[in-house]
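Colleague: I'd like to learn how to read a model like this one. Could you walk me through it, feature by feature?

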Amino acid sequence: MKTCDPKKVAVVGAGYVGLGTAGLLAHLGYQVTGIDVDLDRVAQLQRGEVPIHEPGLDALLAAQGERLTWTTDYAAVADADVVFICVGTPPSSDGTPDLRYVTAAAASIAAHLDARPLVIVNKSTVPIGTGDFVQRILEDNALTFDLARHTVVSNPEFLREGTALADSLYPDRIVLGGSTEALDCMVKLYAPLIEQSFTPPPATPRPEGFTRPAVVRTTLQSAEMIKYAANAFLALKISFANEVAGLCERVGADIEEVTTGIGLDTRIGLRFLQAGLGWGGSCFGKDTQGLISAGDEHDYDMPILRAAIDVNYRQRRVVIDKLLRHLKTLKGKKVGVLGMAFKPNTDDLRDAPAHDLIQRLVQLGARVTAHDPIAMPRAAREWAHLTYQAADSIEAVFDRADAVIIATEWNEYRALDWAAMTHRMREAVIIDARNIIRTPLAAEIEQVGRAVLKAGPVPS
């Protein structure tokens with residue numbers, strides 16, 4: 001490791017994290033090979049097609065030219081100085097992270113280890129102790145393995161879907177866990193990012209005033225814990241805001257005034273205090289449950305985190321309860337759902353609140369029409385088990401609807417002429433589960449943690 005001079009990088013996994021990591025490192029000037037076992041996905045990438053929606057990602061990948069290539073062959077590991085493991089760790093049936101893809105990736109990497117020094121980087125979100133687990137897999141499956149030359153590092157990502165490129169290029173911090181020599185190599189690899197010496201991509205300019213990220217050097221275990229603890233804390237903030245929102249509705253307070261008042265305290269901060277339908281996606285629920293599972297493994301209960309999960313999923317029931325208060329019954333009612341992705345600016349449907357809403361609405365007898373600016377094609381594949389009508393326009397969601405639920409805060413929905421849209425409805429009941437409507441309308445509008453904006457019939 002003392003002679004580490006990284007020039008070539010391999011990135012295993014072409015999902016959300018792997019694609020961004022490969023694009024970032026190629027943009028920093030490294031020769032990057034992306035590896036994935038999915039033949040169709042690799043063929044897409046070789047054609048210049050990006051299989052996920054992330055603003056700016058397609059342009060960043062296309063701009064790399066020959067610096068970035070894609071293959072299904074792990075032999076590319078043999079030429080790399082650093083290899084990143086960026087595969088999925090979905091939750092198992094008991095909530096613990098499923099490490100089958102990490103295991104397969106590590107075993108495949110091991111088959112191509114030789115006498116050259118190599119840093120193997122866990123960038124996937126993994127349970128505490130996975131760094132040692134990966135090292136053992138490498139030892140067990142490699143023909144040649146030497147701890148002095150083949151070293152495992154934990155380098156968790158802190159990306160938000162929808163703003164992943166900016167989060168990658170201009171991070172708050174870079175967390176690195178492992179041995180001193182391996183971390184020195186990683187600092188050298190990330191030097192253009194740490195020093196901000198690269199030219200920003202046209203679509204993702206450097207934020208005004210941004211200088212450089214902090215570099216946090218830790219043990220393997222601390223780096224793995226930092227990732228879980230960070231996501232669990234953010235999930236906790238959102239659930240706290242939602243729990244307080246329920247009390248605000250009962251005492252006549254406004255949750256947005258309350259969270260502004262407490263968020264201006266620098267010890268608390270304004271971010272992740274937005275009350276609404278709750279969090280979804282691939283990270284918060286899985287990582288919070290992963291931390292709870294780690295506690296269970298060591299006979300240590302974590303009741304605060306359990307409560308955060310309970311409150312989050314309660315919010316999905318709260319929205320249905322609000323709807324029932326207005327319509328009394330949903331049998332035969334047409335209910336529109338605006339937004340299917342778990343958040344705006346992504347097509348990711350994992351643990352999306354809209355899924356549970358649609359499922360419950362149908363169970364209660366409603367006819368559901370759903371719309372999303374980006375995620376509808378993906379929903380047609382991944383939500384084929386749900387019964388709903390895919391709207392061919394936003395207007396179709398409102399046409400003769402008895403109610404509309406705003407499930408995702410897309411800017412397209414913020415910009416709607418809401419007065420015109422309510423005229424299309426049979427009964428003007430809007431459950432604004434993301435608190436995006438700002439002006440009173442001639443409609444029944446329920447928000448989260450706030451009073452009804454205005455009640456009354458739609459003018460003829």
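Modeller: We will go through cores, helix packing and a few loop residues in turn. Keep in mind that this is a predicted model.

Colleague: Let's start inside. How many residues does the largest nonpolar core have, and which of them have the most contacts inside it?

Modeller: The largest nonpolar core has 55 residues. Those with the most contacts inside it are L323, L338, L361, W383, Y388, F398 and W418. Take W418 as a case: leaving aside neighbours within four places in sequence, W418 is in contact with L338, F398, I406, Y413, I430, I436, I437 and L441. Another core, of 42 residues, lies apart from the largest one, and A26, L28, L57 and V121 are among its members.

Colleague: Now helices. What should I know about the way side chains point?

Modeller: An α-helix has 3.6 residues a turn, so residues three or four places apart point the same way. With that in mind, look at helix α13 (residues 353–363), whose buried residues are P353, A354, H355, L357, I358 and L361.

Colleague: Which elements do the buried residues of α13 pack against?

Modeller: They pack against α12, β9 (334–338), β10 (367–371) and β12 (403–406). Just after α13 comes G365, with a positive phi of about 100 degrees.

Colleague: How do I read a pair of helices, say α9 and α12? At what angle do their axes cross?

Modeller: The axes of α9 (residues 220–251) and α12 (residues 303–327) cross at roughly 45 degrees and come within 9 Å. That angle makes α9 oblique to α12. The crossing is left-handed. On the α9 side the contact is made by A232, L236, S239, N242, E243 and E249, and on the α12 side by I304, L305, A308, V311, N312, R314, Q315 and K322. By class, these divide into six nonpolar, four polar and four charged residues.

Colleague: And α9 with α10: is that crossing left-handed or right-handed?

Modeller: The crossing of α9 and α10 is right-handed. Here the axes of α9 and α10 (residues 255–263) come within 9 Å and cross at roughly 130 degrees, which makes α9 oblique to α10. F240, A241, V244, A245 and C248 of α9 meet I255, V258, T259 and I262 of α10. This contact has eight nonpolar residues, one polar and no charged ones.

Colleague: Which residues of α5 meet α9?

Modeller: T130, G131 and D132 of α5 meet L220, Q221 and E224 of α9. One nonpolar, three polar and two charged residues make up this contact. As for geometry, α5 (residues 130–141) and α9 pack at an angle of about 125 degrees with their axes 8 Å apart, and they are therefore oblique to each other.

Colleague: You mentioned phi. What is the general idea there?

Modeller: Most residues other than glycine have a negative phi. K328 is not a glycine, yet its phi is positive, about 70 degrees. K328 is in the loop between α12 and β9. D351 is another residue other than glycine with a positive phi, near 55 degrees, and it is in the loop between β9 and α13.

Colleague: Are these two buried or exposed?

Modeller: K328 is exposed, with a relative accessible area of 66%. D351 is partly exposed, at 28%.

Colleague: One more loop residue, please. Where is S93?

Modeller: S93 is in the loop between β4 (82–85) and α4 (100–110). S93 is exposed, since its relative accessible area of 86% is over 50%.

Key: Residues numbered from 1 in each chain as written. Predicted model: local features only at pLDDT ≥ 70, side-chain atom pairs only at ≥ 80, totals over all residues. Heavy atoms only, no water. Core = buried A, V, L, I, M, F, W, Y, C linked by side-chain atoms within 4.5 Å. Buried < 20%, exposed > 50% of the residue type's maximum accessible area, 1.4 Å probe, protein only. Contact = heavy atoms within 4.5 Å. Axes fitted to C-alpha atoms, helices over the stretch in contact; angles between N-to-C directions. Helix = DSSP H or I, 4+ residues; strand = E, 2+ residues; numbered from the N terminus. Parallel < 35°, antiparallel > 145°, perpendicular 65-115°, else oblique. Left-handed = near helix turned anticlockwise from the far one by under 90°. Nonpolar A, V, L, I, M, F, W, Y, C, P; charged D, E, K, R; others polar.
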